[in-house]
Amino acid sequence: MIVRDEELVGWPPERIHFSRLKNIAQSPAHFRTGYLPEDDDTPARRFGSAVHVLALGGEVVRFEGERKGNPWAAFKGLVAGEEHVIFDGPHRGKAWAAAKKEAEGRLIVSSDDLEAARVAVEVQSRRRAAGRYLAPVVTSSEYERAKRCADAVRANEDAVALLNGPTEVPLRWRFLERDCGGQLDAMPRRIVSDLKTVTCADPDWFPRHALKMYYHVQLEWYRVGAVENGHLVDDCAIVAVETKPPFAVTCFVLTARVLEAARRQLRLWMERLLACERAGTWPEYVQSRVELDLPEEDLVLDFTDYAA
């Protein structure tokens, strides 16, 4: 698939964020196509974002209704800050036709729509002013489920200790002469903490999942950002909460060994990124033919089933 630069959003990137950087672990080509437009407004992402915001003591945006029809379109547009015109009549007849013509493609809302979105707009305005990511927009049912999950986090003493202090901390820094950015979940008492919503928080299962998802490299990314902003950091921790009842919570502190591996991995990714930017090329996995063979362990013959 040939992807043109004009199909990408925010390309070339002025500032590197971990959510995009980790794609370079697969290949530089995957890093580049990570800037293709995508729908971030999925139920799973809304739920995860809502749990984060609620567990960290923030506000989410609630919509009292179903995510469809004119009320939802008006609410969503107003919260996003779209230009709009007000029309309180029925959506038919000459008056409606005149309103659409006057709007010239802008969002058409009623006075009731404005009132319904007023609190939500205020919430997003406060978050923009603080330099934070915007709050997720959830329905009442989505809110109730996310709140139960967040309440489980707040009821766990270890989790509270790791998530108290400054939360949703926006950071900007330079690493290997490249502009970088991110938002810390929490930074209590010289600890960089990250909250993860997961299917399983079992201590015997989660560490393998965390390494596979590069959570340790993400924590090192945040640690570098915190240090470059003048903060002292002694430890990195993950608070993992399951997304279904009983919403089990497990807290993990990263060892020195796993953090050292994360430092090497992060530097490798950044050096690969800088090399691709200098060359102006974004290669895939390989540029030549590859032999397909059996792994060495599969070549060992086993005759035990045929022993007399």
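**Entry 1: overall picture**

What percentage of the 308 residues of the protein count as buried? I looked it up: 42% of the 308 residues do, with buried meaning under 20% relative accessible area (1.4 Å probe, protein chains only). I am working with a predicted model, where local features need pLDDT of at least 70, side-chain atom pairs count only at pLDDT 80 or more, and totals for chains, interfaces and linings use all residues. Residues are numbered from 1 along each chain as its sequence is written, and side-chain values use heavy atoms, with hydrogens and water left out.

I find eleven helices and ten strands; these are DSSP runs numbered from the N terminus, helices being H or I of at least four residues and strands E of at least two. The C-alpha trace spans about 90 × 55 × 50 Å along its principal axes. Contacts (heavy atoms within 4.5 Å) with a separation of 6 or more come 68% from residues 24 or more positions apart.

**Entry 2**

I followed S6 (residues 167–175) into S7 (residues 178–186), and they pair in the antiparallel sense over eight bridges. Pairing here needs at least two DSSP bridges between the strands. Arg 174 has Asp 179 in S7 as its bridge partner. Two residues lie between the strands, and Leu 176 takes a positive phi near 50° in this hairpin.

**Entry 3: the cores**

Next I checked the largest nonpolar core, which has 43 residues. Such a core is a set of buried Ala, Val, Leu, Ile, Met, Phe, Trp, Tyr and Cys residues joined through side-chain atoms within 4.5 Å. Leu 21 and Trp 221 touch the most other members. Elements giving two or more residues to this core include H1 (18–21), S6, S7, H10 (215–228) and H11 (256–279). H11 gives the most, with eight residues.

A second, separate core of 26 residues includes Ala 50, Val 53, Ala 150 and Phe 247.

**Entry 4: H10 against H11**

How do these two helices pack? H10 and H11 meet at an angle of about 80°, with axes 8 Å apart. The axes are lines fitted to C-alpha atoms over the stretch in contact, and angles run from 0 to 180 degrees between N-to-C directions. The two helices are therefore roughly perpendicular, a label for 65 to 115 degrees.

From H10, Val 217, Trp 221 and Val 224 are among the residues meeting H11, whose side includes Leu 259, Leu 266 and Met 270.

Conventions: Buried means under 20% relative accessible area, exposed over 50%, partly exposed in between (1.4 Å probe, protein chains only). Angles under 35 degrees count as roughly parallel, over 145 as roughly antiparallel, 65 to 115 as roughly perpendicular and the rest as oblique.
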